[in-house]
Structure formats: structure tokens, C-alpha cells
Amino acid sequence: MKNMLIAGNWKMNTNVFESQKLVEYILGFVKTNATLKSKVLVCPPFTSVYAIGQMIENTKLLLGAQNCYYEEKGAFTGEISIPMLEYCGVSHIIIGHSERRSYFKEEDEIINKKLLAILEYNLTPILCIGETLDERNQGKTFDILINQLDKDLAGLTGDTIERVVIAYEPVWAIGTGISATREQVQEAHDFLRHFLVGKFGEKANRVYLLYGGSLSEKNADEILSIENVNGGLIGGASLKGDSFCSIIQTAEKYII
Ligand code: PEP
């Protein structure tokens with residue numbers, strides 16, 4: 001069995017009006033292709049989350065957020081809680097994105113708290129992990145992935161693991177236009193599947209393993225066809241309706 005999740009991470013792009021225009025396009029595609037089996041998710045900036053939630057209510061399009069805080073409410077200026085997002089219709093929340101790890105110094109301990117809190121609210125965390133170019137060149141890729149998974153997934157059991165989505169995003173491939181090669185993606189995803197099943201048991205076979213890093217309509221076919229790739233987390237190409245929808249169409253070919 002191979003499931004697919006195609007997720008658009010819009011990052012700090014699009015105002016409310018632009019977000020609505022983009023969703024109109026994607027929604028048109030999803031409605032026209034009523035038999036789509038892939039899950040399709042859009043993660044707009046916080047300012048657009050409520051408006052998009054209204055637009056996609058009762059449709060097959062899913063709504064995600066790019067971050068959250070783990071406390072429910074209180075004196076945490078500038079933060080957004082999980083129940084606030086849930087109220088807007090959010091089902092998935094990205095955590096541990098490399099941009100948050102590097103620019104905002106988000107550490108594994110915080111990422112783990114967010115992950116556990118998201119599960120507590122019955123939403124789905126999309127945990128991003130990945131190595132830098134230096135780490136890859138030093139042959140440390142798998143050590144880095146193991147270290148991130150051990151820390152970020154602390155407290156999870158064999159029963160809860162299947163509720164987590166994991167996005168393998170080599171840092172050097174994000175926003176650079178240079179995707180990992182088919183061989184690199186296959187090697188990393190096979191390793192991740194093996195590691196997760198070893199650590200958590202059989203249910204880890206059902207974890208969605210997404211690839212992220214300059215995924216586009218041009219390389220979607222060679223990457224999404226890989227056995228242990230269950231979709232993509234897409235930045236740049238998700239901001240263009242036609243590119244994003246073309247990736248969804250490609251994903252459909254590989255659902256078993
Ligand atoms: C991302 O932001 O997670 C990402 C993969 O970006 P891009 O597709 O632009 O590399």
C-alpha cells in the first residue's frame with residue numbers, strides 16, 4: 001500500500017487576498033478531479049488561516065499551519081496555540097522546519113513539546129528533519145537523522161507513531177532549486193522507514209514519509225515514484241497553482 005500527501009508550505013508569502021486566489025485555483029482542481037486519492041494540504045501564513053478555513057470547509061482540501069506553540073493559552077506574546085488553529089479548521093501543523101531551527105533557534109526539546117501537544121489535540125504534526133550540506137559531506141547524514149528523530153519523537157509509542165507525518169528535507173535542497181537525487185532520496189527514505197519500524201514496530205510502516213527540497217513538477221515523477229516516498233512538502237512550487245496541481249496529478253499515478 002502506498003498513500004500520498006501533497007503539502008504546500010507557503011512560508012511567509014501571500015496576503016489574505018493572494019491566499020484566497022491560490023486556494024480558489026487548487027480547490028477548482030480538487031473539485032474537478034473528484035476521484036483524487038492523494039491527500040492535499042495547504043499551509044498558508046497565519047493571517048490567512050481563518051479565511052482559507054472558511055473557503056475549504058466541507059471540501060477534500062486540508063488546511064495546515066506552519067508553526068504553533070505548545071501551551072493552550074496565556075502570556076506568550078506573539079504565539080499561536082493549537083486550539084486556536086483547530087478552531088480555524090487546521091488539521092496538520094508543520095514543526096521543526098529547518099528555517100525555524102536555524103533562523104529562530106528552535107531546538108529539539110521545543111519541537112518535541114510541540115509534537116506531543118499537537119497529538120494531544122488529535123491533530124497531525126508534520127515533523128521536518130534533514131541534514132546540512134556540511135553534515136552530508138562529512139558522512140553524518142544518518143547520524144543527524146537518528147539524533148533528530150530520537151529527540152523530536154521522545155515519548156511516542158508504537159501506537160502513536162502512525163499519527164505523525166515525517167518530512168525528510170535535506171537543508172541544502174530547500175529553496176535552492178537543487179533537489180536531492182533519486183538515489184539520495186531513496187537511500188534516506190529506506191533508512192527512515194527501517195529505523196522507524198525498528199524503533200516503533202509495524203505501525204511505522206504506515207507513517208507518511210514526505211520528501212521536501214526543490215520538489216517541482218519537473219522532478220515530481222522521479223521522486224514520487226520511489227517506494228518509501230509518500231508525498232512531498234513543497235515550498236516554491238506550491239505558490240503556483242498549476243505547478244502544485246501538476247505535482248498532485250503525478251502523485252496520483254503512484255498510489256497503490
Ligand atoms: C520547504 O519549505 O519545506 C521546501 C521544501 O521548500 P522548497 O520546495 O522551495 O525547496
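The buried residues of helix H2 pack against helix H1 (16-32), strand S2 (39-43), strand S3 (61-65) and strand S4 (90-95). The model described here is predicted. This briefing covers helix packing, aromatic rings, a loop residue and backbone angles.

**Helix H2**

- Helix H2 spans residues 46-56, and its buried residues are Ser48, Val49, Ala51, Ile52, Gly53 and Ile56.
- An α-helix has 3.6 residues a turn, so residues three or four places apart point the same way.
- Just after H2 comes Asn58, which takes a positive phi of about 60 degrees.

**Helices H5 and H7**

- Two packed helices are described by the angle between their axes and the distance between the axes.
- Helix H5 (residues 108-120) and helix H7 (residues 141-152) have axes that come within 8 Å and cross at roughly 50 degrees.
- H5 is therefore oblique to H7.
- On the H5 side, the contact is made by Asp108, Ile111, Asn112 and Leu115; on the H7 side, Gln148, Lys151 and Asp152 take part.
- By type, the residues of this contact of H5 with H7 comprise 2 nonpolar, 2 polar and 3 charged.

**Aromatic rings**

- A pair of aromatic rings is described by the distance of the centres and the angle of the planes.
- There are 6 aromatic pairs in the structure.
- One of them joins Phe142 and Phe191, and it is stacked because the ring centres are 4.3 Å apart and the planes stand at 20 degrees.
- This pair links distant parts of the chain, with Phe142 in helix H7 and Phe191 in helix H8 (residues 182-200), 49 residues apart.
- Phe142 is partly exposed, as its relative accessible area is 27%.
- Tyr168 and Tyr211 form a tilted aromatic pair, at 6.4 Å centre to centre and with 55 degrees between the planes.
- Here too the pair links distant parts of the chain: Tyr168 lies in strand S6 (residues 165-168) and Tyr211 in strand S7 (residues 209-212), 43 residues apart.
- Tyr168 is buried, with a relative accessible area of 0%, and Tyr211 is buried, also with a relative accessible area of 0%.
- One aromatic cluster is formed by Tyr69, Tyr70 and Phe76.
- A charge also meets a ring: the charged end of Arg100 sits over the ring of Phe104, 4.4 Å from the ring centre.

- Leu239 is found in the loop between strand S8 (231-234) and helix H10 (241-253).
- With a relative accessibility of 30%, Leu239 counts as partly exposed.
- Leu239 and Asn13 are 226 residues apart along the chain, and their C-alpha atoms are separated by 8.2 Å.
- Apart from neighbours within four places in sequence, Leu239 is in contact with Trp10, Asn13, Thr14 and Leu22.

**Positive phi angles in loops**

- Most residues other than glycine have a negative phi.
- Lys11 is not a glycine, but has a positive phi of about 55 degrees.
- Lys11 lies in the loop between strand S1 (5-9) and H1.
- Ser214, likewise not a glycine, has a positive phi of about 55 degrees.
- The loop that holds Ser214 runs between S7 and helix H9 (220-224).

Notes: Residues numbered from 1 in each chain as written. Predicted model: local features only at pLDDT ≥ 70, side-chain atom pairs only at ≥ 80, totals over all residues. Heavy atoms only, no water. Axes fitted to C-alpha atoms, helices over the stretch in contact; angles between N-to-C directions. Helix = DSSP H or I, 4+ residues; strand = E, 2+ residues; numbered from the N terminus. Parallel < 35°, antiparallel > 145°, perpendicular 65-115°, else oblique. Contact = heavy atoms within 4.5 Å. Nonpolar A, V, L, I, M, F, W, Y, C, P; charged D, E, K, R; others polar. Phe/Tyr/Trp six-rings, centres within 6.5 Å; stacked < 30°, edge-to-face > 60°. Buried < 20%, exposed > 50% of the residue type's maximum accessible area, 1.4 Å probe, protein only. Lys NZ or Arg CZ within 6 Å of the ring centre and 35° of its normal.
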